[in-house]
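Biologist: I'd like to learn how to read a model like this one. Can we go through a few features together?

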Amino acid sequence: MANPNLFFLFLLLVVPLSLLLLLTLILRPRPVKIPIKNRHVFITGGSSGIGLALATQAALQGAKVSILARNLNKLEEAKQSIKLSTGIDVRVFAADVRDFDALKKAIDEAGEIDVLVCNQGVFVPGELETQELEEVKFMLDVNLVGCFHLIKAALPAMKNRRDRRPCSIALMSSQAGQVGIYGYTAYSASKFGLRGLAEALQQEVIGENIHISLIFPPDTETPGFAEENKRRPQLTNIIAASSGTMKANDVAKKALQGIKSGSFIVSCNFEGFLLSVATAGLSPQRSVMMAFIEVVAAGILRIAGLFFQWNWYESIAKWHAKGK
Ligand SMILES: NC(=O)c1ccc[n+]([C@@H]2O[C@H](COP(=O)([O-])OP(=O)(O)OC[C@H]3O[C@@H](n4cnc5c(N)ncnc54)[C@H](OP(=O)(O)O)[C@@H]3O)[C@@H](O)[C@H]2O)c1
């Protein structure tokens with residue numbers, strides 16, 4: 001090719017097109033759609049915040065919704081509020097995710113589940129040195145072990161379901177499950193743990209047409225967040241401010257859209273999208289476009305990530321210099 005301009009144009013077209021073609025050939029698992037209309041969506045932590053918003057959205061989209069939490073009064077209030085805003089009745093189940101037998105009883109009573117959303121979560125921030133071990137265990141038990149209990153209780157019936165259409169297990173992580181954040185040692189550990197669970201479980205259940213979604217919300221305005229804020233170390237606020245705050249309804253819409261499109265990683269805002277690309281690692285990716293962005297942006301996002309770390313460590317150093 002004699003003309004250098006033509007040669008560069010050729011490269012500019014052929015390299016990305018070849019990459020797209022290669023990705024189309026190798027991406028696993030394959031893209032999938034998870035219908036929710038007239039299907040049973042079971043949401044834990046559905047009496048408050050993100051879970052309540054998710055239950056409302058799912059009901060509006062025609063799903064048969066069940067919600068589970070510990071406090072029956074709060075569940076009944078949530079049921080009324082969903083009925084008021086959608087005209088639809090949801091079923092409620094009171095159980096603690098830490099109690100496997102009670103959970104199994106509730107799940108068996110609820111019947112076949114098509115979409116299981118493990119959304120319950122507790123967050124008690126604080127520096128590890130001053131945090132009680134009881135609080136550390138509490139977060140790991142509810143956020144991580146609770147999800148194991150849920151999946152163990154629901155999976156046998158999901159695998160033997162009569163409706164062989166694709167179904168889903170969604171896990172509510174957090175941006176603190178993608179990057180460790182000051183004041184969140186136990187919470188981050190519980191949410192990072194969900195990623196290992198999700199990546200391994202996806203390989204185990206793909207043969208049953210069950211698809212895993214891992215959702216990563218930023219700070220979200222919920223009753224739980226309002227409580228947490230009362231105890232948050234100031235440095236946690238400074239670092240977490242790198243990603244904005246969202247409304248529970250907006251997070252619920254993004255989460256449901258991600259579940260329905262079978263996305264393994266579901267981010268909720270623009271910063272979350274960048275974080276997901278930067279931390280893609282070896283996680284499954286069904287979307288050719290997203291895989292393309294991950295490959296092309298890997299280097300530049302690593303630099304951006306290092307700038308974030310620089311900024312956070314500078315804030316921590318200034319904090320210590322002030323003697324706080
Ligand atoms: N809000 C945020 O800023 C934010 C950001 C990222 C990720 N997240 C995650 O999103 C999820 C929902 O958070 P949220 O802010 O909506 O919380 P929330 O308003 O505090 O609601 C938590 C829900 O979980 C239930 N729950 C708590 N412990 C439970 C247990 N042991 N067994 C069964 N249910 C239990 C609660 O009901 P009972 O108390 O009656 O049991 C409630 O329905 C959590 O996994 C959280 O980690 C939240």
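Biologist: At roughly what angle do the axes of helix α10 and helix α11 cross?

Modeller: The general idea is that two packed helices are described by the angle between their axes and the distance between the axes. Keep in mind that this model is predicted. Here, α10 (residues 270–278) and α11 (residues 288–321) have axes that cross at roughly 85° and come within 8 Å. That makes α10 roughly perpendicular to α11.

Biologist: Which residues in α10 and α11 meet?

Modeller: From α10, look at Phe273, Leu274, Val277 and Ala278; they meet Met290, Ile293, Glu294, Ala297 and Leu301 in α11. Sorted by class, the contact of α10 with α11 has 8 nonpolar residues, no polar ones and 1 charged.

Biologist: Let's turn to the backbone. Which two residues does a cis peptide bond join?

Modeller: Check omega: it is about -5° for the bond between Arg28 and Pro29. Pro29 sits in the loop between α1 (4–26) and β1 (40–44). Asn38 lies in the loop between α1 and β1 too, and its phi is positive, about 60°, although Asn38 is not a glycine.

Biologist: Zooming out, how many helices and strands are there in the protein?

Modeller: Count 11 helices and 9 strands. The radius of gyration is 21 Å, close to the 20 Å that the globule rule gives for 324 residues, so the protein is as compact as a globular protein of that length. Its C-alpha trace spans about 75 × 60 × 35 Å along the principal axes.

How values were computed
Residues numbered from 1 in each chain as written. Predicted model: local features only at pLDDT ≥ 70, side-chain atom pairs only at ≥ 80, totals over all residues. Heavy atoms only, no water. Axes fitted to C-alpha atoms, helices over the stretch in contact; angles between N-to-C directions. Helix = DSSP H or I, 4+ residues; strand = E, 2+ residues; numbered from the N terminus. Parallel < 35°, antiparallel > 145°, perpendicular 65-115°, else oblique. Contact = heavy atoms within 4.5 Å. Nonpolar A, V, L, I, M, F, W, Y, C, P; charged D, E, K, R; others polar. Rg over C-alpha atoms; globule rule 2.2 N^0.38 Å.
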